[in-house]
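This briefing concerns the structure shown below.

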Amino acid sequence: MLPPRIYLASRSPRRRELLHQIGVAFDTLLFRAPPREDPDVCEDVLPGEHPDDYVVRVARAKAAGGWNRLAMRSLVPHPVLSADTTIDVDGEIIGKPADEADAVAILQRLSGRSHRVLTAIAMADGTRIEHRLSVSEVRFGALSDEEIRRYVASGEPMDKAGAYGIQGRAAAFVAEIRGSYTGIVGLPLHETAQLLRVFGYPA
């Protein structure tokens with residue numbers, strides 16, 4: 001008997017690896033890539049929007065949008081899992097860097113201090129949408145301009161919220177974490193397993 005399957009509405013290879021890690025059978029469901037984003041999953045920050053509210057809203061929109069695309073693409077219906085990660089620095093949302101100069105500026109801002117990493121996950125099955133929010137704190141050591149330059153030149157920061165990946169070279173920057181390591185990577189596995197069980201999927 002085949003195991004139950006879900007769809008993962010994410011382009012992130014890191015999220016795929018984490019789902020494989022806990023033995024979840026899934027297919028990847030893709031949205032349009034920038035600059036042709038789908039209007040129903042807009043990731044623009046709304047005026048006055050709190051970081052926690054922002055990341056939950058986007059994750060839920062991705063789950064709902066993914067479910068709607070199953071019928072549009074004549075795909076077999078399975079629940080859709082989505083996720084969104086952002087960085088909160090003093091109440092300001094820090095997303096992916098626009099370019100190398102922006103990545104440098106973000107890393108200079110994170111140097112020698114703490115920030116929050118927020119990852120929301122959401123799941124939709126056509127009748128309901130449920131979500132969970134993982135909140136972690138990361139403290140960077142003091143970074144030299146040369147360390148930042150070398151890291152940005154590697155290309156690793158360019159597709160990551162906060163301009164770094166804790167699972168990559170930036171692990172050397174991290175002095176302390178409080179919370180979920182997998183949440184910081186982009187898919188909190190404890191909360192993901194909880195959500196899967198809510199929808200009747202073993203995890």
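Thr-182 touches Leu-18, Leu-187, Pro-188 and Leu-189, not counting residues up to four places away in sequence; a contact means heavy atoms within 4.5 Å. This is a predicted model, in which local features need pLDDT of at least 70, side-chain atom pairs count only at pLDDT 80 or more, and totals for chains, interfaces and linings use all residues. Residues are numbered from 1 along each chain as its sequence is written, and side-chain values use heavy atoms, with hydrogens and water left out.

**Thr-182**
- Thr-182 lies in helix 5 (residues 181–185); helices are DSSP runs (H or I, at least four residues) and strands are runs of E (at least two), numbered from the N terminus.
- Thr-182 counts as buried at 17% relative accessibility, where buried means under 20% relative accessible area (1.4 Å probe, protein chains only).

**Asp-84**
- The UniProt annotation "active site", from an unreviewed entry, covers Asp-84; such annotations may be inferred rather than shown by experiment.
- Asp-84 belongs to strand 3 (residues 80–89) and is buried, with a relative accessible area of 5%.
- Beyond neighbours within four places in sequence, the contacts of Asp-84 include Arg-15, Glu-43, Tyr-54 and Lys-62.

**Overall fold**
- Six helices and seven strands make up the secondary structure of the protein, in the sequence order β-α-β-α-β-β-α-β-β-α-β-α-α.
- The C-alpha trace spans about 55 × 30 × 30 Å along its principal axes.
- Of the 203 residues, 46% count as buried.

Technical notes:
Buried means under 20% relative accessible area, exposed over 50%, partly exposed in between (1.4 Å probe, protein chains only).
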